[in-house]
Amino acid sequence: MFATSIAGSLPKPEWLAETQKLWPQWKAEGDALRQAKADATLLWIKAQEDAGLDIIGDGEQARQHFVHGFLEQVEGIDFDNKVKMGIRNNRYDAMVPQVVSALKLKGRVHAMEAQLLRAHTKKKIKFTLPGPMTIVDTVADRFYGEGVDGRIKMAMAFAELLNQEALALQADGVDIIQFDEPAFNVYMEEAADWGVKALERAALGLTCTTAVHICYGYGIQANVDWKNTLGHEWRQYEKIFPALTKSSIDQVSLECFHSHVPMDLIALLEGKDVMVGVIDVASDTIETPEEVADTIGKALKFVNKDRLFPCTNCGLAPMSREVALKKLEALAKGAALARERIAGVNLFFRQIALCVHASQQEWDLFTQPRQKR
Ligand code: ZN
């Protein structure tokens, strides 16, 4: 019960890449870089285990950015001529590569990290890939054409490539494949209309657990400013969850702690596992186990305990390594406390039941002779 995991990314050590950046520059090249990526992956596998997490990830140490890490292995994308583009509905500008011809995978994308992960932990492992709609929102198109038709065509093309890699990750022994779709929270109508279909195409034929992560973004200033414009109640999930509930995706990861998402929206995900965000990624303040257990307790009103998986609100990539480590520990300790609380409540009810049973016997002893009379 309450198996813990992170949403996906973790900070890169300073010997691997620039720190506290979303698009950090690598500190090495060639074989030295490949080795450094592997070393950082191993380091975070150990750190997640030491913190007491139940489901382990690669911390996305081998990709510069959660979307562009995948795109680097796709033929038909020009990385040499990046252009500035407003992403997430112009929330912030990013330098993005351009799609210039038909898309094809150059080969495996994440074999090294997935195989390292499987070889170095006996726990369940989760692997993240960007979702098709979020990819479409993080790349410039010079091939598929303007408008929604072009976007759908491009999303479906990426979904096929994601599916190839997802099936290979499953063969590597990955237990949970999670697609990250922060764009679902920005283009809600399009997400419900075709985003979920593209997601299902990416997950086609997978027999391992499938998941989608939908958040309000990393803890960067542009996202904090955007959140401040969203008002008292954030109801974006309300528009997407019904389509996801009908979909074949098994788990949904969402943002909860320190957000203005009404908890009762979780009830819309009937029949799905819910990864509840109990760790804030926009603040360096470390959550107490009590705070984490309280958030779990609030979510339990809307999702069965066997379907609740405590998680972080989003990735921890732009944070300091020290803060991220403490947040992992808080997550594990908070989930442990929530389990204790449930055990305590169960014990209480067992004792009540015993008392009632005992009273019933006494009552029977008292009343039976009379009835016989
Ligand atoms: Zn996220």
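# Close-up views of helix packing, core and selected residues

**View 1. Packing of helix 5 against helix 6.** In this predicted model, helix 5 (residues 147-171) packs on helix 6 (residues 188-202) at an angle of about 25°, and their axes are 7 Å apart. Angles under 35 degrees count as roughly parallel, so helix 5 is described as roughly parallel to helix 6. The crossing in which helix 5 passes helix 6 is right-handed. On the side of helix 5, the contact is formed by Val148, Ile152, Ala155, Met156, Ala159, Glu160, Leu162, Asn163 and Ala166, which meet Glu190, Trp194, Ala198, Arg201 and Ala202 in helix 6. Sorted by class, the residues of this contact comprise 10 nonpolar, one polar and three charged.

**View 2. Packing of helix 6 against helix 8.** Helix 6 also packs with helix 8 (residues 236-246), here at an angle of about 15° and with the two axes 9 Å apart. Helix 6 and helix 8 are therefore roughly parallel to each other, and their crossing is right-handed. Met188, Ala191, Ala192 and Val196 are the residues of helix 6 that meet helix 8, where the partners are Gln236, Lys239, Ile240, Ala243 and Leu244. The residues in this contact of helix 6 with helix 8 fall into seven nonpolar, one polar and one charged.

View 3. Helix 1 (30-51) and helix 3 (residues 111-120) pack at an angle of about 35°, with a separation of 10 Å between their axes. Helix 1 passes helix 3 in a right-handed crossing. Ala38, Thr41, Leu42 and Ile45 of helix 1 make this contact together with Met112, Glu113, Leu116, Leu117 and His120 of helix 3, and by class the contact has six nonpolar, two polar and one charged residues. Leu117, which lies in helix 3, is buried, with 26 other C-beta atoms within 10 Å. When its neighbours within four places in sequence are left aside, Leu117 is in contact with Ile45, Ile56, Asp58 and Ile125. The C-alpha atoms of Leu117 and Ser248 are 26 Å apart in space, and these residues are 131 residues apart in sequence. Gln35 is placed in helix 1 and counts as exposed, with 11 C-beta neighbours inside 10 Å.

**View 4. The largest nonpolar core and the surroundings of Leu331.** In soluble globular proteins, nonpolar side chains tend to be buried together. The largest nonpolar core of this model has 105 residues, of which Phe158, Leu254, Val274, Val276, Val278, Ile296 and Leu331 touch the most other members. Helix 5 contributes the largest share of this core, with 10 residues. With neighbours within four places in sequence left aside, Leu331 is in contact with Thr4, Leu53, Val278, Ile279, Val292, Pro310 and Thr312.

View 5. Pro130 belongs to strand 4 (residues 124-130). Since a residue is buried if 20 or more other C-beta atoms lie within 10 Å of its own, Pro130, with 28 C-beta neighbours inside 10 Å, counts as buried. Apart from its neighbours within four places in sequence, Pro130 is in contact with Phe66, Val67, Phe70, Ile135 and Asp180. A separation of 17 Å lies between the C-alpha atoms of Pro130 and Ser248, which are 118 residues apart along the chain.

View 6. Most residues other than glycine have a negative phi. Gln20, although it is not a glycine, has a positive phi of about 55°. The segment before helix 1 (30-51) holds Gln20, which counts as partly exposed, with 14 C-beta neighbours inside 10 Å. His258 is likewise not a glycine and has a positive phi of about 60°. His258 is placed in the loop between strand 8 (251-254) and strand 9 (273-279), and with 19 other C-beta atoms within 10 Å it is partly exposed.

Notes: Residues are numbered from 1 along each chain as its sequence is written. This is a predicted model: local features need pLDDT of at least 70, side-chain atom pairs count only at pLDDT 80 or more; totals for chains, interfaces and linings use all residues. Axes are lines fitted to C-alpha atoms, for helices over the stretch in contact, and angles run from 0 to 180 degrees between N-to-C directions. Helices (H or I, at least four residues) and strands (E, at least two) are DSSP runs, numbered from the N terminus. Angles under 35 degrees count as roughly parallel, over 145 as roughly antiparallel, 65 to 115 as roughly perpendicular and the rest as oblique. A crossing is left-handed if the near helix is turned anticlockwise from the far one by less than a right angle, and right-handed if clockwise. Two residues are in contact if their C-beta atoms, placed from the backbone, lie within 7 Å. Ala, Val, Leu, Ile, Met, Phe, Trp, Tyr, Cys and Pro count as nonpolar, Asp, Glu, Lys and Arg as charged, and the others, Gly among them, as polar. A nonpolar core is a set of buried Ala, Val, Leu, Ile, Met, Phe, Trp, Tyr and Cys residues joined through C-beta atoms within 7 Å. A residue is buried if 20 or more other C-beta atoms lie within 10 Å of its own, exposed if 12 or fewer, and partly exposed in between; C-beta atoms are placed from the backbone.
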